[in-house]
Structures are given as structure tokens and as C-alpha cells.
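Trainee: Could we go through this structure together? I would like to learn what stands behind the terms.

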Amino acid sequence: MTVRASWLLAGPPDGQTRNDTRLAPSGTFAPSGELTSRDGVIAGGAPLLATGAGAMQVRVGVGRALVQGTSAQGAYPVAVTAPETLTVEDGDAQYPRIDSVIIRIYDGLYDASGDTAVALEIVTGEPEASPVEPLLPPSSLRLWSIRVPAGVSAGTGGITWASALSDRRRYTTSYGGIIPRGWGSNFTGAYDGQYRDIDGVLERWSASAGRWETYRPPRDLETTTSGATGATGFALDAFAARRVGGMCSFTLIVARFGAPIPVPLGDNLTDLTVATIPQGWAPAIDTEGSASDGYGDGGVRVNRNGTIILRTWTPGGQILGGRSIRISAAYVQ
């Protein structure tokens, strides 16, 4: 059962006239299929906001929306130009239920109503131990759901609106949805997530910050701590790698075991393989990195096959057993 609100004027489907033999849906709004548009509330302020207006009454504020009919009907742009108050039926004696506040299109060319109108209505759900939202009639858009407790009425104090209302407004936008640069750019956004193009820079409105911010796509972040191995004479203690947008960095710790490795005072260390990182994290070209055990320092080469070669060390020093060597590098893959 539905409770009818007062009528609001409804025009023909967007971009169409009543004498069309086959009405095509609007191409003005974001498409959802070959011949249909994404229906929903048009953002800007707090459109079609629902609040409690009495013990068993809900008030829906002004706003605009697009309601999709069948593909033959098209999409109907509608507006609520004055707040509407709807009355909720008393609760069932035994079970709770969920009602839905909707916008519904009546079009006598496609239904048996004989009307040409759009209405705000309440669709009453079925009382059940675990109630669900009711199914909607054709050519309608769900705005809010209301949980109606068992036995509730104006005489028992009515509905607790702060917890009873659930927001079911979905949003739509015009096709593309990005505001181009025109005269003046000193204007605030209409809703969180609105986009504009200013001199080739895409900006996004942040309602929480109250300003336009340069849009930066989400970073494609990958991390790993597995897959690395120590070479002969070295035990892997730790490995952590991070990759963002093709830029990779890692830190690896190996502990020397076995005989010390001396470094001549006037000479250099013989190239020594100390570890291997996973192939998928190896650089595109051989890359240099750094190494240190807290007593001496050196340089490493990270090869394209993932092997790490210790190439230099502090002259006159030595790499002793039990000491941990920290190795790090950063590179573009």
C-alpha cells in the first residue's frame, strides 16, 4: 500500500515530446545502458533530505532527481520545489517493518494510472521478524528507508527518527560530469567529489576542506616481505620492498657467518654475492645501492636478475661473522 503525496508537475521524458511514437531515453545524464540513463538524485546542497516532522510523519526537502522508466519511456527529470510531509502507517502489532520513501512517475501513456504526474510516496513494507526493504513499483526511485518498530504509533510516542531513517539516495550527473573553465573560477563546489578543469588541471572539490584540490589518481602501491634469499655464507634476516607507480625501493639485511672477509688497506673487495631479491622486484638495468654493518660501509650492485653483489667496502676493514649488513636501493623498474 502507498500513501500518496501532493502532486508535482511532471514533464515528458527528458528531451522528448508527448507526440513521439517511440520515446528514447535522455542522453543528457550518465548512461547506464544503450538506451537508459543512470537515475538518481542530482547533487548540490542536501537534496531531498528527510527529517522527522512529527510522531509518524517524515518531511522530504526540496531537490531534483532523474527517474528512469523503461527504455521506451526514457528518463524523467523531476523537481521537488517545496518540502513535502508524508504520514507513516502505524506499526504492526507483532513485527517491525521497513518502509521506503520514493519518487514515482505516473505516465498514462505507459501505465494504467491515467495520470501525468510525479509523486513523493511511502511504500509500506511487510511486517516480519527480520524485515527487508519493499520492492518498488516501476518508474520509481528509492530515497530513504524507515524502520517502523512493532506497535509504534503517535499514541506510543511515535518513531525515533534519528535511528529510523536510512539514506538510500543514489546520485547521478550529466554525461562527463566535469565543469569546464568559463568566466571566473572563484566559486565553491556543489558537492563533495565534483570535478572541474582549470587551464588543463583537473581539480576536485573537497567539502571537508572547503576548497578545490588538484586531483591526483590513487597510487598503485605494492609491498612484499618475501622471496629474497641469502647467498652462500650469508643468512637473510629481513627483506621489505615497496613499489609505487614503477618506482621501487627495498631494504635487505643479511648476517655474515663463517670466516671473516678482510679488505686490503690499499685495495678493494673482490665482488661478493650476498643475496638475491625476487625477479619481479629486480631493476630494469643494473643499479647501484648502499651497504653498511655499522662498522664499515660499501656499495652494492643490484643486477637485472635480482642478485646483489657487494663490490666495495671500507679499505682496511673486514666483514666479521655475526654482523648484520643492511643493504638498500631505489630505482625505476
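**Arg243 and its chain**

Mentor: Gladly! The backbone oxygen of Gly280 lies 2.8 Å from a polar atom of the Arg243 side chain. This is a predicted model, where local features need pLDDT of at least 70, side-chain atom pairs count only at pLDDT 80 or more, and totals for chains, interfaces and linings use all residues. Residues are numbered from 1 along each chain as its sequence is written, and side-chain values use heavy atoms, without hydrogens and water.

Trainee: Why is Arg243 called buried?

Mentor: Arg243 has a relative accessible area of 14%. Buried means under 20%, exposed over 50% and partly exposed in between, with a 1.4 Å probe and protein chains only, so Arg243 counts as buried.

Trainee: Which residues is Arg243 in contact with, leaving aside neighbours within four places in sequence?

Mentor: They are Asp220, Leu221, Glu222, Cys248, Gly280, Trp281 and Gln333. Contact means heavy atoms within 4.5 Å.

Trainee: Where in the secondary structure is Arg243?

Mentor: Arg243 is in strand S19, residues 234–244. Strands (E, at least two residues) and helices (H or I, at least four) are DSSP runs, numbered from the N terminus. The chain has 1 helix and 27 strands.

Trainee: What radius of gyration does the chain have, and what would a compact globule of 333 residues have?

Mentor: The chain has 33 Å, whereas such a globule would have a value near 20 Å. The radius is taken over C-alpha atoms, and the globule rule is 2.2 Å times the number of residues to the power 0.38. The C-alpha trace spans about 100 × 55 × 35 Å along its principal axes.

Technical notes: A polar contact is a pair of N or O atoms within 3.5 Å; within protein, one must be able to donate a hydrogen and the other to accept it, and residues adjacent in sequence count only if both atoms are side-chain atoms.
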